[in-house]
Amino acid sequence: MIKDITLGQFFPTNSLIHKIDPRVKIILISVYIVFLFIAKNFGSLGFMTCITVILMIITKIPLKLYFKGLRPVLFILLFTSVLNVFYGSGEPIWQWGILKVTWNGIQTAVFVSVRIVVLIMISCILTYTTSPTDLTDALERIMKPLTVFKIQVHEIAMMMTIALRFVPTLLEETDKIMNAQKARGADMESGGIVKKLKAMIPVLIPLFVSSFNRAFDLAVAMECRCYRGGKGRTRMKVLKAGKIDVIAVIFSVIVLAGVIVCNVMFPQLTVK
Amino acid sequence: MKDFIKVNNVSFSYGENKVLDDISFTIKQGEFIALLGHNGCGKSTLAKLFNVLLVPESGEISVDGLVAKNEDDVYKIRSKVGLVLQNPDNQLVATIVEEDVAFGCENLGIPPKEIRRRVDEALKSVDMYEYRTHAPHKLSGGQKQRVAIAGIIAMQPQCIVLDEPTAMLDPQGRKEVMDTIRYLNKEKNITIILITHYMDEAVQTDRIFVMDKGKILTQGTPQEVFSKVELLKEKSLDVPQATELIYRLHQHGISTEKLPLTPEECIALLEELLNKKS
């Protein structure tokens, strides 16, 4: 059951988006997210939505998986839309006590929801098409200039890599400990939330202790392999931007132009 | 063969607890050594002294003529002597097999092309090349341990110390790892120091050191060491089952010239005995 938890899911296919240099991909995806907030009317937002759907199709990953990515934020999505519906200004369409629904409220709710959905879809495109190693690697290289401000970029990237490496190992271990405690008669399924949380303590403590032991071992193993921080370190894989990255950048510039044009062309579609 | 590791009057203690007591020995280049002994007899401490994870309290250890005096020496020694630990899960750093194998080389600052070549070569020599793009947690214990060994080999050390590398593995995994270790010793001429609890593994080596309470109890070829059955029994250490069987026959007045070490030798010996009788 615990193995269902997925983190940084990566679905390898041979699509063009997979082949884009991870550094370029991270930067472009961040830029797309900014576009999303630049888009201020339904025209430009619709344009961004279309682009996102096209990108999703290019990745060759089943669209079903993208909708799965939405599930965790469904609650936030509902919450914000409900709030927005009731917080609009202008003429009420429907009123009950202090609660009033306005045309403006509905518009804002739809606009914000679409924006959140597209935002999540865009981030999914990044994590679904880039392996965790590539992601941390690219982040390390993108953040390299920050070393000027004495930020330990290499150390941060190393911690991320190790965390990603140990997530499956620790999940497996949690499963084992839970089974071991169940075999000793621990009851983890019944009772209210407080009782369930209390039942997790005998699982968390052994997990905690074993994580420390693993960390000590790992430190020894790393020292044995001459690890001494990022200084003087080389990498096996050298990232090189190629033709496809240039195409991706050009495509993004066109999209940005499109968003601005839509913003200017459809002022009547702006949420009032 | 030249001397590779020289241990001179080394002592070490954790606080009050003396773990190593005035130990001296030498290991030659290309030897295959087994270290036997009970838990807490100082085997693992010795392993950590070889590549300067610990520093001896008194005495001196030299590796390939080098004594660790400053930090540069420490890293020089660590690139000559690799250490493989017991739990394969805890020594793999990266999320992809080949990235993990490259980790040591990357730390040494080797150019990318050369790392690529070494990683491929190391993975081939432990027979894990086709798994190079897999995630470590999806491999079996034996496979993980071989990846860990590949990570050390890629640094091209002259010696590999293995601290109970097969203790957490199933028989299949143990066999894979032992085959790999033997191959590295015979074909690549890498000095191997194997710490183990399994007598059938110790039998495959050139020389055995038996440790007890921080001292070396006895040493010699497997034949020499395991012929001292009484001494080992007294310290409640095991001998290989084949040796044990013939030793018991000795006690019942059936004497043979030598004690066998492997089941095959034992069978041959028994056959000879039975033929003589009939």
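Trainee: How do you know that strand 1 and strand 4 of chain B are paired?

Mentor: In this predicted model, 5 bridges join strand 1 (residues 3-14) of chain B to strand 4 of chain B, the two running antiparallel. Pairing requires at least two bridges between two strands, and 5 bridges are found here, so the two strands count as paired. Within strand 4 of chain B, Glu60(B) is the residue that stands opposite Asn8(B).

Trainee: What makes the sheet in chain B an open one with edges, and which strands stand there?

Mentor: The sheet has 3 strands in the order 2-1-4, with antiparallel pairing. Strand 2 (17-28) and strand 4 (58-63) of chain B each have a single partner strand, so one side of each is left without a neighbour in the sheet, and these two stand at the edges. On average, and with direction ignored, neighbouring strands of this sheet are turned by 15 degrees against each other.

Trainee: What lies across these strands of chain B?

Mentor: Helix 1 (residues 43-50) of chain B lies across strand 1, strand 2 and strand 4 of chain B, and runs at about 55 degrees to strand 2 of chain B.

Trainee: Why is Asp64(B) called partly exposed?

Mentor: Its relative accessibility is 23%; buried means under 20% and exposed means over 50%, so Asp64(B) falls in between and counts as partly exposed. Asp64(B) sits in the loop between strand 4 and helix 2 (71-80) of chain B, and its phi is near 50 degrees, a positive value in a residue other than glycine.

Trainee: What is the phi of Asp127(B), and where is its place?

Mentor: The phi of Asp127(B) is near 65 degrees, again a positive value in a residue other than glycine, and Asp127(B) is found in the loop between helix 4 (112-125) and helix 5 (141-153) of chain B.

Terms used:
Residues numbered from 1 in each chain as written. Chains lettered and ligands numbered in written order. Predicted model: local features only at pLDDT ≥ 70, side-chain atom pairs only at ≥ 80, totals over all residues. Heavy atoms only, no water. Helix = DSSP H or I, 4+ residues; strand = E, 2+ residues; numbered from the N terminus. Axes fitted to C-alpha atoms, helices over the stretch in contact; angles between N-to-C directions. Contact = heavy atoms within 4.5 Å. Buried < 20%, exposed > 50% of the residue type's maximum accessible area, 1.4 Å probe, protein only.
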